[in-house]
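Have it open while you go through them.

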Amino acid sequence: MAEGDNKSANMLAQETAQLEEQLQGWGEVILAGDRVMRWEKPWFPGALMVATTVLFLMIYYLDPSVLTGISCAVMLLCLADYLVPTLAPRVFGANKWTSEQQQRFHEICGNLVKTQHRIVGWWKRLGTLKEEKPKMYFASVISILLGVAWIGQQVHNLLLTYLIVSFLLLLPGMNQHGVITKYFSMAKREINKLLKQKEKKNE
């Protein structure tokens, strides 16, 4: 067991180091984005929502086709991949990279690798469920897809995408400031109260 844990830890460290090397040119930008996503200043969540809203209003106003939207998105990604490593040192300063920044950059890369492993693990568990319990697998998948299809039919695609993107952008900050834990605990207390009241009525 210990040998397996050591092997897993070594693999995680190796993949983290590889990702750090690949994203080295994006280091300053990633750290700046990390500060915004974790709400280091009180106005950061508002700025996130304003930027997201302006972007989606532009998409709504321009109303591009799917092919045009994909082409523009890929073009922006290619431009960013070319320009960011070149311009970032000039904007942020090439000699201002500190040990604290390197440590935070290492943590971010490690979290990205762990997230990738979790997604792969969920996918493997889904494959295992399909092999061991095919009826439960198909019933679960079809039910979830029907639910998603119904939501997509009731809510406009762009509005639904806007809500999902906004939630994902605010999620790290909510997690950092304990917002999710707070409301999850409140919901848990209310559910426990309802269950206790139900038990008292049954008695």
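1. Start with Phe 138, which comes out as partly exposed because its relative accessibility is 44%, between the 20% and 50% cut-offs. Keep in mind that this is a predicted model.

2. How many aromatic pairs turn up in the whole structure? The search finds three. One of them joins Trp 43 and Phe 44, edge-to-face, with the ring centres 4.5 Å apart and 70 degrees between the planes.

3. Trp 43 counts as exposed because its relative accessibility is 54%, while Phe 44, at 10%, counts as buried.

4. Phe 138 comes back in another pair, this time with Tyr 137: edge-to-face again, 5.0 Å centre to centre and 75 degrees between the planes. Is Tyr 137 buried or exposed? Its relative accessibility is 15%, so Tyr 137 counts as buried.

5. The largest nonpolar core has six residues: Leu 19, Leu 31, Phe 105, Ile 108, Cys 109 and Val 113. Helix 5, spanning residues 99-132, gives the largest share of this core, with four residues. As background, nonpolar side chains in soluble globular proteins tend to be buried together.

6. Leaving aside residues up to four places away in sequence, Phe 105 touches Glu 20, Leu 23, Gln 24, Gly 27, Ile 30, Leu 31 and Trp 97.

Notes: Residues numbered from 1 in each chain as written. Predicted model: local features only at pLDDT ≥ 70, side-chain atom pairs only at ≥ 80, totals over all residues. Heavy atoms only, no water. Phe/Tyr/Trp six-rings, centres within 6.5 Å; stacked < 30°, edge-to-face > 60°. Buried < 20%, exposed > 50% of the residue type's maximum accessible area, 1.4 Å probe, protein only. Core = buried A, V, L, I, M, F, W, Y, C linked by side-chain atoms within 4.5 Å. Helix = DSSP H or I, 4+ residues; strand = E, 2+ residues; numbered from the N terminus. Contact = heavy atoms within 4.5 Å.
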